[in-house]
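Colleague: Could you zoom in on one part of this model for me? I'd like the local surroundings spelled out, with the cut-offs you used.

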Amino acid sequence: MSNPPPRHVSIAPLLKQLSAPAPFDNNVKAEDIALAFSRTFEDQLNGTQLAALLTLLHSTGKDRHPDVIARCAASMRDASVPISNQRLRRVVGKRKRSLGRYRGGLCDIVGTGGDSHSTFNISTTSSIIASPILMMAKHGNRAQTSMSGSADVLNAIAPKPPKIEALSAEHLPEAYEHTNYTFLYAPNFHPGMKYAGTVRRELGLRTIFNLMGPLANPVEDHIEARLVGVAYQELGPVFAQALKFSGATKALVVCGEEDLDEISCAGKTNCWLLRESENPEYRGDRDDDDETSDDEPPPKYVAKIDTFSVEPADFGLPSHPLSQVGGGKMPKQNAQVLMSILRNERPKDDPILHFVLMNVAALFVVSGVCEADTCPSGAVIKERGPGGERWKEGVRKARWCIESGKALEEFEKFIEFTNSL
């Protein structure tokens, strides 16, 4: 009788390569690192070796190589719960949300976290406000580096919070038949991450997992545009290249000069914009059902990266110190602020409102909706700022989403749908 195969796979050869002195450690390939991570998601890597892998990647700086980040994020997505892509594409297509250069695809706004500023839940609030105009697929989790993560603040909504744990891969396409907004609770879609949980907590340092998250949205194939905040300046160009390596063509990577993983309300924000351009090698769309070739056809669009900076004045807004937009409170308090914004109860000059408006505006800019010269929501502001973009038009649209009640309406539809599951 043969013995069953061992549950755990050894990555000792990879660890030896990573621990070798330069230049021998340069022989480590990104695909080999990604393969090791794929073992993690299948519970085939023991905790000691995973801890060693994470530590060596951090100490060698390989966890900040664009191809390593992109390939490891792809391995995380490959291990996620499958979603019916055809059904999702069909349902999203029925919404017909195209405007300007935006084609109606899904959008996300996310930060890597870990910037130590403990600001309000900007990306979560911004994702809801953007939903009357954009099809949003906000990917998030409970707090890792703060007191109030995206899932924490949504669970604290009163009087009836959305049931984020109930929205599974199976129900996701149906959700878009009811609302433009969904929140994809990471544990529902990435069950394999639980095998890394103990090691991450016990290591107590920032690892490549923090960088994989923004690229591991389970509906990645349907994401048209995204805004990604990074926690320190050196990561900006790295993340822009990782997005480009992953095939993204419409994205904005931002880092406030204070090393803030959002567009700052206090001063300058450095930006790396992935600008969409036509691919000269494109040969036409291939039918989703065409299985005659395993070759990946050339994409219709490719990205070019532009670098510039923005500041509140570019959005037509005043500056506010970060001390006025603190979110270091418990989820219940942050949820109250979020709902007061959606209900249009904040003063027009409120610092947190301005902070949110700038980040919504930036997502609108990168999506392409600000390029429409006519708009049902009012007269378009055609003035252009840094990068040749219409930042003030983005703010105008963001204000309309709040003041019209449309953002609150989309969120309430999401709450009702998830509570019906």
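Modeller: His-320 is buried, as its relative accessible area is 9% (buried means under 20%, exposed over 50% and partly exposed in between, using a 1.4 Å probe and protein chains only). Bear in mind that this is a predicted model, where local features need pLDDT of at least 70, side-chain atom pairs count only at pLDDT 80 or more, and totals for chains, interfaces and linings use all residues. Numbering starts from 1 along each chain as its sequence is written, and side-chain values use heavy atoms, with hydrogens and water left out.

As for where it sits, His-320 belongs to the loop between strand S7 (301–310) and helix H13 (331–342); helices (H or I, at least four residues) and strands (E, at least two) are DSSP runs numbered from the N terminus. Setting aside neighbours within four places in sequence, His-320 touches Cys-265, Ala-266, Asp-349, Pro-351 and His-354, with contact meaning heavy atoms within 4.5 Å. With His-354 there's also a side-chain to side-chain polar contact of 2.9 Å (a pair of N or O atoms within 3.5 Å; within protein, one must be able to donate a hydrogen and the other to accept it, and residues adjacent in sequence count only if both atoms are side-chain atoms).

The loop between S7 and H13 also holds Met-330. Met-330 is partly exposed, at a relative accessible area of 45%. Its C-alpha atom lies 22 Å from that of Asn-210, and 120 residues separate Met-330 and Asn-210 along the chain.
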